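Hi,

Here is the structure I promised to pass along. Please have it open while you read, and my notes on it follow below.

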Amino acid sequence: MEYTHQSIEQKWQKFWAENQTFKTSESTEKPKYYVLDMFPYPSGAGLHVGHPLGYIASDIFSRYKRLKGFNVLHPMGYDSFGLPAEQYAIQTGQHPAITTEANINRYREQLDNIGFSYDWSREVRTSEPNYYRWTQWIFMQLFDAWYNKEADKAEPIASLIEKFENNGTNGIKAESDDDVLRFTATEWKALSEKDQQIELLKYRLAFLRESTVNWCPALGTVLANDEVINGVSERGGYPVEQKKMMQWSMRITAYADRLLRGLDTIDWPEPLVEMQRNWIGKSVGASVKFPVPQLNENIEVFTTRVDTIYGVSFVVLAPEHELVADLTTASQKAEVEAYIDKTSKKSELDRLADTKTVSGAFTGSYAKHPLTGEDVQIWIADYVLAGYGTGAVMAVPSGDQRDYLFAKHFNLPIVPISDSQDISEAADPNKDGKYINSDFINGMTYQEAVPALIEKLESLQLGKAKINFRMRDAIFGRQRYWGEPVPVYFKDGLPYLIKENELPLLLPEVDKYLPTESGEPPLGRAEDWKYQDQYEYELSTMPGWAGSSWYWFRYMDPQNESNFASKEAVDYWKAVDLYIGGSEHATGHLLYSRFWNKFLKDLGYHNEEEPFKKLINQGMIQGRSNFVYRVLDQEGKGTNQFVSLGLKDQYNVNPLHVDVNIVHNDILDLEKFKLSRPDYQDAEFILENGKYICGTEVEKMSKSKFNVVNPDDIIEQYGADTLRLYEMFLGPLEQAKPWNTNGIEGVYKFLRKVWRLFHDAEGKFKVSDEEPSKAEYKALHKIIKKVEEDIERFSFNTSVSAFMICVNELTDLKTNKRKILEDLLIVLEPYAPHITEELWAKLGNEAGSISYANYPEFKPEYLVESEFAYPVSINGKMKMNLPLPLDLDQKAVEAVLNENSDVQRLLDGKPVKKIIFVKGKIINMVV
Ligand code: ANZ
């Protein structure tokens, strides 16, 4: 019998499903291991061969861990709320739930074909009410919580209310909005219910606030910062503008420091950790107040270089700064307003990116320098961002490049701060410029100057040390239909939570998936959709990242009706041990998940500070496009002639993408090409060596480039085991690499060779129970060791080549010994689960059990070399190599040398005075 992948693979996939082979439970003595894939958004296009790369790697790892005796949780599900299904719904009227369901079924079929060892009984779908009720529940906990800086954790809002009732705001250290009131307990109690709620909203971790948002008119929704790329929406590439709106937000900034510290405790790729660090953007500095006596106000600035304060020659506010209107004098009004108008059209990114053009406007007012008391001009300029720090800077042209350009442009004073000549390093504490221009810090080092200045500013009540984070609170709302409803209703204009036992708040039906005529989100169309028949529900839905910010918990206990997951399940599975997914989620999903994880920990629902202990980013698989070359006529018009790659330079040609599925090893299938499009029907070919060779190029895998390869087609032709091995064989997991089917035959051939080890020349199953030879054991133990080491370091590609070498060796040795083949199957099982199950069963083992076999123990003694080729020297000069058994001692070696005719010839009769022998290293004869 030959190796027939179709029947074998279908048989075992059916077997695994029917026997629930990979169903995982918590009641076992085995140690746990949790392997997670980033779950897919089920798009209409289905999977291409790039998608399963990470899934195959994680499946290999999961299967390996099972063989190593672990109780492995390896689940899969769908991130099924989101824009594409909704866009499709708008175009076609089809309910997004229906499209989503169809897409999920397609995905499931494709995933099943690859032979993954998922525990499908734990599948989750974020758009299902029994899932999103818990997303809503977490939102409610966040609404009902505040961040106590003293305890460095979130607490129920009740504890804050209690503090207000006992001591007012006295002694409270909380993360909050900037405009919180200060009050005594009596004053608090005297506040109306409404005013109390308004105040509490400034502390809640989920809260409503007016914020500047990325508004995308074409999509009719707000987008998160990481969904806007170069000023346009990530999806669709539509323009995005800045707009002020009342928005739900998440106080992720309360966790900034913990998010930063946690990065030191997890095993993630360094570039990803660095991206999160930059995104969080911790800056250690000071806030300094510049008094404005005429307004009886201070301009507060944030600076990381308080040591440059004696070089301040003006201050600059963001055009949106709240004091701008009051500061602007009558004569400057027109200019300032024109400038503000101009700025409002620029996105923050544009403002940051443009470091060359200098623009700004003078307000006409002056502030007092906090230490010298001198007047400094107050300007506005768009290089100062409203949302960062305090939205104002002290400008030091002799220390900061942008301030320098600004001063030069507007002819403002430049006050030197150090004796260094170079502007850019004028006061750089790392270069040894000395401070000048201030008796107070002259002669100090930077390390001395900073604390001295902060102390002085503190004593004047004009400044203090401050840590600033670049990260902003996360917007948590979209004006779209296909998302989780926010479990909130409004009474007197204020938000209130619905009751927990009213969850889930179901997504209502609407007649169209578009905003209402009055510009309200689509949920505004739902008829009679009111809380207790009278109160308006929140009409925006949760953002795409809500459902994915906690999904790994739901897999632990997916059917739980009374909790997001039971305490027992959470205590057992703890955190994800290995997480594999794309690097595009660096600052979105991976940051939000860490935030929600920490929050749920603070409330006592679990004990893990970090959700994903180890993370690997799989590299992108790019497409490998093929081209044909259409010959052009004199006028440059396309003819029906196509010239092969090697001859194309002799013609005037137009390269055209050709579907990679009708090209084999870069050779075009001429008949299929003619059939592929009506205008190719009469195509004529200029061939080389009787073949049409196509050109190639590596590009993104995309329909428009005709280079999409569907895993189903590969599986049909070569089988899932070949696909799995081949995807790994392409190169290191983390690296980007082009898909290239050219080498797949080699992998397929390898599996046929494996098959043949178990069969005789007539194809009859035949293994022997004889004791294997040393050479056979050696080949086996080499692969046992290699694969174990490779998988532990996530180097999957190197295992595949090692398998090939091993099977070649065993083929040469004509191995068919059970003792060798049985272990070989176990080692190969994670990579090629179907063929190994089949052969395992043929060996007479209990069906299906190879997934739970024991990974063979590596025995080093089989690899110990028994022979060594000694370099033999005479008087220190190397003369020859002499292979000898390694267990020979000096005496035995001397005897061999005496007998050996080659050695004797070299000695040419000279008497040997001494033989220096180092076991396993050298022989030197002194004559
Ligand atoms: C005076 C100074 C002198 C500064 C000097 C730098 C160099 P990071 O590291 O990014 O936190 N800054 C503060 N708020 C700003 C805002 N809203 N928009 C634009 N720039 C702002 O940098 C903080 C520094 O960036 C601050 O320190 C401030 O300029 C500026 F030789 O103050 B510095």
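Helix H23 passes helix H25 in a left-handed crossing. H23 covers residues 774-792 and H25 covers residues 818-828; they pack at an angle of about 15 degrees, and their axes are 10 Å apart. Angles under 35 degrees count as roughly parallel, so H23 is roughly parallel to H25. Please keep in mind that this is a predicted model, so treat each value here as computed from that prediction.

Now to the ligand, which I expect you will want to look at on screen. Which residues are the closest to the ligand? Of the 18 residues that surround the ligand, the closest are Ser283, Thr303, Leu385, Tyr388 and Arg470. Two of these place polar side-chain atoms by ligand oxygens: for Tyr388 the distance to an oxygen atom of the ligand is 2.4 Å, and for Arg470 the distance to an oxygen atom of the ligand is 2.5 Å. Thr304 takes part through its backbone, with an N or O atom 3.0 Å from an oxygen atom of the ligand.

On its own, the ligand has 650 Å² of accessible area, and the protein covers 86% of that. Strand S12 (297-303) and strand S16 (392-395) are the elements that give two or more residues to the shell around the ligand. Sorted by class, that shell has eight nonpolar, six polar and four charged residues.

Two backbone details are also worth a look. Most residues other than glycine have a negative phi, and most peptide bonds are trans. Gln20, however, has a positive phi, near 45 degrees; this residue sits in the loop between helix H1 (5-19) and strand S1 (32-37). Further along, Leu503 and Pro504 are joined by a cis peptide bond, with omega about -5 degrees. Pro504 belongs to the loop between strand S20 (494-497) and strand S21 (530-531).

Best wishes

How values were computed:
Residues numbered from 1 in each chain as written. Predicted model: local features only at pLDDT ≥ 70, side-chain atom pairs only at ≥ 80, totals over all residues. Heavy atoms only, no water. Near = heavy atom within 4 Å. Polar contact = N/O pair within 3.5 Å; in protein donor to acceptor, adjacent residues only side chain to side chain. Areas by Shrake-Rupley, 256 points an atom, 1.4 Å probe, with all protein chains shown as cover. Helix = DSSP H or I, 4+ residues; strand = E, 2+ residues; numbered from the N terminus. Nonpolar A, V, L, I, M, F, W, Y, C, P; charged D, E, K, R; others polar. Axes fitted to C-alpha atoms, helices over the stretch in contact; angles between N-to-C directions. Parallel < 35°, antiparallel > 145°, perpendicular 65-115°, else oblique. Left-handed = near helix turned anticlockwise from the far one by under 90°.
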